[in-house]
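Thanks for coming. I will go through one structure this morning, part by part, and take questions at the end.

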Number of protein chains: 2
Amino acid sequence: MDLQAYLKKRKSIIDNALKKYFLKSADEPSSINTAMKYSVFAGGKRLRPILCFAACEICGGNPKNILPSACGIEMLHTYSLIHDDLPAMDNDDFRRGKLTSHKKFGEAVAILAGDGLLTKAFEIIDPKVVREIAIAAGTKGMVGGQVADLEMEGKRKKEKGKLEYIHEHKTAKMIEVSLKAGAILSNASSLKIKAISNYGRKIGLAFQIADDILDIIGNKKKLGKTGSDLKNKKLTYPSIYGIEKSKEKAKALIKSAKNDLKIFGKKAYIFNELADYIVKRDF
Amino acid sequence: MDLQAYLKKRKSIIDNALKKYFLKSADEPSSINTAMKYSVFAGGKRLRPILCFAACEICGGNPKNILPSACGIEMLHTYSLIHDDLPAMDNDDFRRGKLTSHKKFGEAVAILAGDGLLTKAFEIIDPKVVREIAIAAGTKGMVGGQVADLEMEGKRKKEKGKLEYIHEHKTAKMIEVSLKAGAILSNASSLKIKAISNYGRKIGLAFQIADDILDIIGNKKKLGKTGSDLKNKKLTYPSIYGIEKSKEKAKALIKSAKNDLKIFGKKAYIFNELADYIVKRDF
């Protein structure tokens, strides 16, 4: 199967499902609906929900059972981008070539759009995986990673331990749980859930390393923003290991991730493609 | 039973339960733990979790079954205060006589402490009531109320419809769901759940009206802040109806709320006391 066609088809299913959660309602101020929709439909690739979808498919589950949770995960991802871009955080004006939420709607609305998406996610995520996903998104997951990231900004002493913590928590935990939730909701065996989670954590780390590299070698056209990591003196893989060693690290993680899925035999094919896609993206 | 003793006992149980959710962990930056704990233990009366507790008791449930959800509701309340106080929102320096989170820890940590609490809430709330509580907290509930509140700030045209929307959504929905969740988790009949929810919505509205009045006649010592509603030209009950008429409205709501609980007979006694307490607080 062609990976691009695979991604396109699933992205379209997810986009359609997402739209239904943002219909106008008399019981919701239209301004907040507009702001949430703006960021949710600002050009995201839907990587996390696609991974949730793929995990469901490889475990023989019914995609209908995971679709609300996959959409909830995308809402969590979007909220984290809105809040990360705020002036008090990374202070980014653009994302994917479009104005960030606070630049478009003002800070108050951006904060509330993030809060609204974070809350809406838990309205629609399947109760069976709410706890799992909340842990991955919280202070022992994504929020914790963002806190550590901000704390290391501008520090001259580069700590490898902190770098690992940031990458594992800021990015990998949510990617891992996207896959894990897909497997759990498809009633997969604990062996399969474990294998898929391991794969997820590793490609998640590789994804963040690739992102760090892109931040340096990418340009405004490709990313829609210019290296704000450099501007903010962030602790990144290339800043400690250099670009070449970072690439090697990402490749080793991808190889190990693929290995985790050998128990699925030929069915793992698309996961191998996905793993390669995640690091190759733009370099 | 003496209301003050009743409140004190339940507050102490809730405080002890809450503490356990904020033990230090190696997997969480200690700075965010400190910031979350600071706001959760900044002198809140625990009204919402106590109401959840009371609903459980009147329905003959086991308090152990509702305690995590009651704590989650308090975390949601605390997150909303942290974000409402931010410079981009109400811009308050003090709450209950203590520095607000962003004044104490900076804006970035305050935003993330709010996000962390909001997420942690859904980690611990019982899956059976997650959806219900997420709706009450989200853009068709508390977040929606805050958005409408900000939008009406400083507007010369006072709209009664908007005022009702703000009060119902910003405050009443969460108070209503606190009680409703306690009843649901105690396997109450739908008749009882409905009665308790109605009571909750009405005392929630009365609570917000009382808050508006306090903001005008209260002083810094009592509230720990000076009338920021007036400073921010908020749309409030007294600003439309005057203080006397607002008091009457609150009293009428309390009377009607008490009426809703007649089906519980003598057991409703403490709820009648609670309803009176909510509006009398400091005036």
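Just after H8(A), Gly154(A) has a positive phi of about 75°. Before I go on, please keep in mind that this is a predicted model.

Let me stay with that helix. Which residues of H8(A) are buried? They are Met142(A), Val143(A), Gly144(A), Gly145(A), Gln146(A), Val147(A), Ala148(A), Asp149(A) and Leu150(A).

What do these buried residues pack against? From chain A there are helix H4 (63–85), helix H7 (130–137) and helix H9 (160–184). Chain B also takes part, with helix H2 (30–40) and helix H6 (107–124).

That brings me to the contact between the chains. Chain B gives 37 residues to the contact, and chain A gives 38. On the side of chain B that touches chain A, at least two residues come from each of H2, H6, helix H7 (130–137) and helix H8 (142–152) of chain B. H6(B) has the largest share of that side, with 11 residues. By type, the residues on the side of chain B that touches chain A are 19 nonpolar, 9 polar and 9 charged.

Next, how the copies are related. Chain B is superposed on chain A by a rotation of 180° with 0.0 Å of shift along its axis, and the RMSD is 0.0 Å. This is the relation of a two-fold axis. Which C-alpha of chain B is nearest the axis? It is that of Pro127(B), at 2.6 Å from the axis. Both copies use the same surface, since 100% of the contact residues of chain B recur in chain A.

Last, a single residue, Arg48(A). Its place is in helix H3 of chain A, residues 47–58. Is Arg48(A) buried or exposed? Arg48(A) is buried, because 23 other C-beta atoms lie within 10 Å, and the cut-off for buried is 20 or more. Setting aside neighbours within four places in sequence, Arg48(A) is in contact with Ile73(A), Glu74(A), His77(A), Met174(A), Ile175(A) and Ser178(A). As for Lys234(A), it is 186 residues from Arg48(A) in sequence and 24 Å away in space, C-alpha to C-alpha.

That is the end of my part. I will take questions now.

How values were computed: Residues numbered from 1 in each chain as written. Chains lettered and ligands numbered in written order. Predicted model: local features only at pLDDT ≥ 70, side-chain atom pairs only at ≥ 80, totals over all residues. Helix = DSSP H or I, 4+ residues; strand = E, 2+ residues; numbered from the N terminus. Buried ≥ 20, exposed ≤ 12 C-beta atoms within 10 Å, placed from the backbone. Contact = placed C-beta atoms within 7 Å. Least-squares fit on C-alpha atoms with pLDDT ≥ 70 in both. Nonpolar A, V, L, I, M, F, W, Y, C, P; charged D, E, K, R; others polar.
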